Amino acid sequence: MCNPLMLLSTGLQVVSAVSSKNAADKAAAKALEAGNFNAEIIERDIDLLEKSQNIYNANFLVSQNRAAINFERDIQSQARVGFGYAGVDMSQGTPIAVLRQNAREFDYEQKVKEFDNSVVNMQIDDEQESLQMAADLSRMEGGAQAAGLRAQGTSSLLTSLANTASTVSEFPGAFRRT
């Protein structure tokens with residue numbers, strides 16, 4: 001005679017195994033989703049850095065142009081006016097040397113600013129690359145966690161099915177109709 005309790009127990013083991021597998025698959029999907037969500041947030045930060053870099057570079061160009069205009073208007077013109085007011089011939093000698101020295105100092109200051117600008121751009125580029133790696137890592141971690149959870153669910157399913165098969169083989173008479 002078929003033992004109804006044994007049959008019910010075996011059926012519940014199979015249902016429980018399938019349920020565990022489904023729960024593990026859902027948890028894996030959520031882990032993958034969380035990894036992707038974190039990566040998207042990090043990539044948003046990369047975009048913000050790109051925008052701030054563009055703004056910084058635009059401001060730098062404006063600053064360089066304004067500095068050139070101010071240099072000519074304020075520094076060089078004042079030197080010319082000063083020498084002209086003093087009655088010094090500006091076509092040769094000290095006035096020209098002063099104007100040249102002013103121009104060399106201005107060029108040096110501009111080159112230092114250009115170098116500083118390039119350093120800031122390298123720092124921003126490095127930060128963007130670091131953030132991209134963090135985003136990729138977040139996706140990988142989510143994928144690894146998802147794979148682990150799926151494997152855990154599959155292992156649970158196989159273990160439960162093996163236990164069920166073992167129970168059936170231990171009590172063969174419990175599942176036969178008489």
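This is a guided tour of a predicted model, stop by stop, for use with the viewer open.

Before selecting anything, note that residues are numbered from 1 along each chain as its sequence is written, and that side-chain values use heavy atoms, with hydrogens and water left out. Because the model is predicted, local features need pLDDT of at least 70 and side-chain atom pairs count only at pLDDT 80 or more, while totals for chains, interfaces and linings use all residues.

**The whole chain**

Begin with the chain in cartoon view, where there are 2 helices and 0 strands; these are DSSP runs, numbered from the N terminus, with helices being H or I of at least four residues and strands E of at least two. Of the 178 residues, 22% count as buried, a term that means under 20% relative accessible area, with exposed meaning over 50% and partly exposed lying in between (1.4 Å probe, protein chains only). The accessible surface comes to about 12100 Å², of which 60% belongs to carbon and sulfur atoms, as computed by the Shrake-Rupley method with a 1.4 Å probe, where for residues only the protein chains shown count as cover. Among contacts (heavy atoms within 4.5 Å) between residues at least 6 apart in sequence, 86% join residues at least 24 apart.

**Gln64**

Next, select Gln64, which is in helix 1, residues 4–85. Gln64 counts as buried because its relative accessibility is 10%.

**The salt bridges**

A search of the whole structure finds 4 salt bridges, each being a side-chain nitrogen of Lys or Arg within 4 Å of a carboxyl oxygen of Asp or Glu. Select Lys21 and Asp25, whose closest N and O atoms are 2.9 Å apart; both residues lie in helix 1, 4 residues apart, about one turn of the helix. Lys21, at 16% relative accessibility, counts as buried, whereas Asp25 is partly exposed at 28%.

Move on to Glu43 and Arg139, whose side chains meet in a salt bridge at 3.0 Å, N to O. This pair links distant parts of the chain, with Glu43 in helix 1 and Arg139 in helix 2 (residues 94–170), 96 residues apart. Glu43 is partly exposed, with a relative accessible area of 23%, and Arg139 is partly exposed at 28%.

Finally, select Arg44 and Asp45, whose side chains form a salt bridge at 2.8 Å, N to O. Arg44 is partly exposed, with a relative accessible area of 48%, and Asp45 counts as partly exposed at 26%.
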